[in-house]
Amino acid sequence: MNEGPPPGKACASSTGQRFPRSILTMRSISTIQVGGFAVLKTTSAELAAYLHAQRQLRKQVALFFANTNFVVQCRDMLGQMESESVVIVNDGVGMDIAARLLHADRFKENLNGTDFMPFLFRQSSTPLRVFMVGGKPRVLQKAAQYVTQQLGQVVVGSCDGYEGIKANPQLVETINRAQPDVVLVAMGNPVQEQWILDHRQDLHAGMLTGVGALFDFWAGDKPRAPVFVQKMRLEWFYRLCLEPRRLARRYTVDIVKFLKHCYHCR
């Protein structure tokens, strides 16, 4: 990766646009250690500006939304994530609780893919080219329509996370031929993170991110919690009520593991 400009200087992108150094690097933004992961203290606006600046400079970024399940499931990838081109942000009330209890600190804003990705798209002066990986075939098709019709972006390709990905061993080449700006990977923790880390060196897209159940929300296959529930930071409980069998372990046994990891890595 190219060295950044000297402190106080600006850097020009390939289009001639100039960005202040504070936007070009995340080094100036403090982090909070949660379970061994360095999680950024930032806002949607700061993060979107950084990602768009990196895209203009043709620098790739892998973006991960870390919730309690991420901290538990992605521990084997800690070494791979210790890179300037990997950005980890906080997702969910569990991360806030850990920051306050262990470090007497707090994150500036809750950053989840469901809210952030539409915000990122809106901050772009032109529609972004999007490649979508993961999800069930029917869900993926409806989610792609949502991205095009409701979010105004250009979906240049997609591959479902079932038969589609099995039948396409040259998926990386397929993605590169489509020339996307953003690759959204919806396979759930830890599969989506491992897939991104394993393939990011061969992918030409400027931004790679794991988005979990985002395609389900965009397709209308799963409902989001009502706004007042989101504001109360109880969206996790709403989802648990809808899918108790699938999520019970995540919010019981795995929460204990999360707290244990946080304590040992404080």
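Predicted model: local features only at pLDDT ≥ 70, side-chain atom pairs only at ≥ 80, totals over all residues.
Trainee: Let's start with Gln-192: where does Gln-192 lie?

Mentor: Gln-192 lies in helix H10, which covers residues 191–199.

Trainee: And is Gln-192 buried or exposed?

Mentor: Gln-192 is buried, because its relative accessible area is 3%, and the cut-off for calling a residue buried is under 20%.

Trainee: Which residues does Gln-192 touch, leaving out those up to four places away in sequence?

Mentor: With those left out, Gln-192 is in contact with Val-185, Ala-186 and Met-187, and also with Gly-210, Val-211 and Gly-212. To take one of these, Gly-212 is 20 residues from Gln-192 in sequence, while the two C-alpha atoms are 7.8 Å apart in space.

Trainee: What does the side chain of Gln-192 reach in Gly-212?

Mentor: It is the backbone nitrogen of Gly-212 that the side chain of Gln-192 reaches, at 3.0 Å. There is also Gly-188, whose backbone nitrogen lies 3.0 Å from a polar atom of the Gln-192 side chain.

Trainee: New topic, the peptide bonds: which two residues does a cis peptide bond join?

Mentor: The cis peptide bond joins Asn-189 and Pro-190, with omega at about 0°. Most peptide bonds are trans. Pro-190 has its place in the loop between strand S9, residues 182–186, and H10, and H10 is the helix in which Gln-192 lies.

Trainee: Now the backbone angles: which residues have a positive phi although they are not glycine?

Mentor: Ala-104 is one of them, with a phi of about 50°, and Arg-233 has a positive phi of about 65° without being a glycine. Most residues other than glycine have a negative phi.

Trainee: And where do Ala-104 and Arg-233 lie?

Mentor: Ala-104 is found in the loop between helix H5, residues 93–103, and H6, whereas Arg-233 lies in the loop between helix H12, residues 227–231, and helix H13, residues 235–242. Ala-104 counts as exposed because its relative accessibility is 73%, while Arg-233, at 28% relative accessibility, counts as partly exposed.

Trainee: You mentioned H6; at what angle do H2 and H6 pack?

Mentor: Helix H2, residues 44–56, and helix H6, residues 113–122, pack at an angle of about 55°, and their axes are 10 Å apart. The two helices are therefore oblique to each other, and H2 passes H6 in a right-handed crossing.

Trainee: Which residues of H2 and H6 meet there?

Mentor: From H2 the residues are Ser-44, Ala-45, Leu-47, Ala-48, Leu-51 and His-52, and from H6 they are Phe-116, Phe-119 and Leu-120.

Trainee: Last one: how many disulfides does a search of the whole structure find?

Mentor: The search finds zero disulfides.

Definitions and conventions
Residues numbered from 1 in each chain as written. Heavy atoms only, no water. Helix = DSSP H or I, 4+ residues; strand = E, 2+ residues; numbered from the N terminus. Buried < 20%, exposed > 50% of the residue type's maximum accessible area, 1.4 Å probe, protein only. Contact = heavy atoms within 4.5 Å. Polar contact = N/O pair within 3.5 Å; in protein donor to acceptor, adjacent residues only side chain to side chain. Disulfide = S-S within 2.5 Å. Axes fitted to C-alpha atoms, helices over the stretch in contact; angles between N-to-C directions. Parallel < 35°, antiparallel > 145°, perpendicular 65-115°, else oblique. Left-handed = near helix turned anticlockwise from the far one by under 90°.
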